[in-house]
Amino acid sequence: MDVRFLGGLEVRSGGAPVSPGGPQAKVVFALLASQAGRTLATSQLIDELWPTDPPRAAVGTLHTHVATIRRALGGERRRLRTRDRGYLLDLEADELDTTRFTRLAQEGRALLRSDAAAAEARLEAALSEWRGEPLVGLAERAPRLQAEATRLRELRLGAIEDLAQARLEVGQAARVVAELESVVADEPFRERALALLLQALAAAGRQPEALARYDDHRRRLGEELGVDPSTELQRVHLELIGATPRTSGEGAARRDVPNTGAGRLPSPVTRLFGRDSDLDALTGLLGHERLVTIVGVGGGGKTRLAVEVAQRAVEAFPDGVHFVDLAPIRDEGSVPRAVADALGVAVVAYGGSVQEQTVRTIGDRRMLVVLDNCEHLLGACADHVLGLLEDCPDLTVLATSREPLGVEGERRWRLDPLALPEEGDVSDEAASIRLLADRAQAVCQDFRVTEANRAALVAICRQLDGLPLALELIAARLEHLSPKEVAERLAAHRGGLVRGQRRVPRHRTLEAAIGWSYDLLSDTEQTLLRHLSVFVGGATLEAVAAVAGGEREDIEVLELVGSLVRRSLVTVTEVEGTSRYGLLETVREFASERLRDAGDQDAARLAHRGHYLDVLEAVPWDQRMFSLHHAAPRLEVEFGNLRAAFDTSIARDERDVAARLAIGSPALVISSQRWDELDGWLTELWGVRPAELSLPERVSRAMYPEHLLHQFWLEVWRIPWSADELREAVTLLRAGAERLPGSSPVRIHIDHMIDLGALLVEGVELDDVLGRHRDRAQAARDVDASLLRAAMLEEIAVAQLFAGRYADALATLQEFPVFEVAVHFDKPLVTLAAAQHLTGDHDGAIRTVHRNLEAAHPGARSLIHCFLAIAMAGAGDRDVARDLLRRGRQEYDLLHWRHPRSTNGLLIAFGTCAVLEGRKDVAARLLAAAGSPSGGYAPLTAIHLHYAALAGSPQNPEALPDPADTEGLERLISDEFLRWTRERSSAAASPETLAEPDGRSSVR
């Protein structure tokens, strides 16, 4: 018999459908089946059929339904048994779909921590039992069935979540996103599903969306339920923003959220052969060694082995396994950033060096970092790894390199080529033979190892020294050549390819394998492969066509690239829906040598530079300056190619072009926080580190060529200059700006900054500045620089806020579509929120700040939560404001962002809320401690000025820390936070303790 609940009730006996009877008879059958093997008393069945008012003939009616069911069951009627007090339906465990589903789901969950792929298969089988809503049409007829349907729905959701976790662990993030979206839409407060969805979005490269979803959920919880997200979900959020909860002591708890470390590893598409002993040994080493380096020749399978070892080790590292591919990196200074990006560190401009921020993010987390392809960056890798290991006690690093890193504590593991068969051996047990046969079957499904071809296969493996990459390349030839022909051609070809006796034998062997594949290409395919070597980090089809395609159409270039992909010479990956083509590092080195031999290297590099300069400058100037959320991510994926183009310019001593590339995208530098790398570019360009230059020297160098004027803007953004420095900079800029065309966007922007500086340090009248700014804003519109115009109008509004002209500031902001501009950069949203708050539109301010949370960089969230706390306090939602202050302070602590702007933000937010609660003495202390208004974040500074005037002077200003004393300010924040929390606790017991400015109780 087969009984199914998971959809409409279905009963089959001997393969034929069975109808238990009418609606009430079906309810009786379903009740008995749900309790299969157990007796249900007559009284229980009557209570289920008629919960409120059973008829007098209830017992007789029930007997009639039972008789109907028995007749329907025919030969299986004996399964329905009569007992003294009721009835029992005898079913085997697997005869009921709910039992099958529950068993498979439990088995799948048990496998999650040991074998994600097996868990996925088991959970898929469990969910395949579902055809629709459980017990549809019956559940509403009996309370017990309704409870059973609810239980089954909950089990199904749990199985869906378990399946999502399994798929995350095997690298199917995009699929998980699609599957969980509907679950979260139907069950918005189901936090495990949301946590998995956030992790899947981040793993799929959609971290901003994940952060926005978390904030929406947090807001909805607060508004509808008055609670915070669960601890587990908060921990996922901290992981997304690159922070970890602080723990102390040996018993500090670690995260319980699903481990998605395996999802960060590449997903191999082929089997690994002959590495069982290496796998076991390396897995064991990771249990007690903190730095293990797999050393071996290029093409020997180091990366593939490292990925397999890391996948095995996922359970041993509950805080994640992270993979860092250094092959596209050419600049040693970029190594710390590559590691930070792989770990999801939210690098911020004022948090110290990238390495320091990475150390703080890792903390005492137990994680594994796989550092792949270190050989061309040995010094930088050694320094960075040593620093991380010294400061992060539970970090383990697994590196791959052709040479050891050479640092203290390194355990080296020499990776030999695959085991070779003995000459004349006719067995097919050697790992190299098995690998060659497996890859040959991938291109020719009928390929088999036979008595006739064994000797030739042995010869191929021996000639290629068992190198996996060489064997994979040669395997592609077996599609159209016999093993004997391949062995003969390889033997004849190998000697001719080997050049330069300084190469180690295995390098010569690999070159032979690549070289033979290369010689089998057509002239056009060879040319394309050679030119592909100039790209760093891959390239789009458009870029390949522009740099390497000559006069060919894109479709012809695509066919050529496809041919190289089929021959395993070119790799293809997908980034945000766009295919990118690249070369394995060994193949790239080979192709680069051939490019040089052909005499085409200079021309190819110039074509490459020209294309990426075009790519950069095709983005409108004002987008490159201000589009943190739109233009910058589009350019981020090409950062390696932009750097290569810069290197080409430096090598040719064409510094004007290098300057265009170095400062071509300030938004890219700001959004990705690549300050260290920018300084490296400028050091190469100027011959000296920017920090070693005086202010006049920096501004002077920024004046020529014109494109480096942007550097001044970046310096203003990064450095809180004193009034004297700013006055000097304004003077220098005035002299230099006169060389620029008056109608150029650069000149408009520089004049705008000069006037802002003059307003702060030269006592210029605001109305005079506003008039000139409006003219320039119109000029920006005339040259189609809409973001520049928006940025300048926002600065006008800030100046009006400083002058107390709040309504004017609001009107200025309404001259451009603030919410549309937020797609590019978010500061106008913050200024709008400040203007709305100061003009009394508190609800509008709340809506605006919520929009800003969606657009803000993770590093700015502490400040944004401060803004939201102020907006809520202004609207009278003091309890919500206090919770937001807690959240802002938590994020401030976790990110370790110690720049005065962030510290001021907390001081101002606490102080403002204190004013609105009527605690003017506390407010005066906090707002006075915030220091000079010119050192803060402009919209917050306007709020600071407004509420400092309301709070008045502190009673004991001498006791306040110096504005430059960051630690002292942090202690003040902590002390006031503690005092405020205690006061709130007292207020809860005594409502008259606190009074609002109008005399009303502040406790609701």
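What we are looking at is a predicted model, in which local features need pLDDT of at least 70 and side-chain atom pairs count only at pLDDT 80 or more, while totals for chains, interfaces and linings use all residues. Residues are numbered from 1 along each chain as its sequence is written, and side-chain values use heavy atoms, with hydrogens and water left out.

That pair belongs to strands E1 and E2 (residues 10-13), which pair in the antiparallel sense over 3 bridges; strands here are DSSP runs of at least two residues, helices are H or I runs of at least four, and both are numbered from the N terminus. Two strands pair if DSSP finds at least two bridges between them. The open sheet has 3 strands in the order E1-E2-E3, with antiparallel pairing, and its edge strands, E1 (2-4) and E3 (16-18), each pair on one side only.

Next, please find helix H2 (residues 42-49) and helix H3 (residues 58-73), whose axes come within 10 Å and cross at roughly 95°. Axes are lines fitted to C-alpha atoms, for helices over the stretch in contact, and angles run from 0 to 180 degrees between N-to-C directions. H2 and H3 are therefore roughly perpendicular to each other, a term that covers 65 to 115 degrees. Thr42, Leu45, Ile46 and Leu49 in H2 meet Ala58, Val59, Leu62 and His65 in H3, where contact means heavy atoms within 4.5 Å.

Strand E7 (residues 291-295) pairs with E10 in the parallel sense over 5 bridges, and Val295 stands opposite Ser401. Strand E9 (residues 367-372) and E10 also pair in the parallel sense over 5 bridges, with Leu371 opposite Ala399.

Finally, we come to the largest nonpolar core, which has 83 residues, and in which Leu788, Leu801, Leu907 and Ile943 touch the most other members. Such a core is a set of buried Ala, Val, Leu, Ile, Met, Phe, Trp, Tyr and Cys residues joined through side-chain atoms within 4.5 Å.

Key
Buried means under 20% relative accessible area, exposed over 50%, partly exposed in between (1.4 Å probe, protein chains only). Angles under 35 degrees count as roughly parallel, over 145 as roughly antiparallel, 65 to 115 as roughly perpendicular and the rest as oblique.
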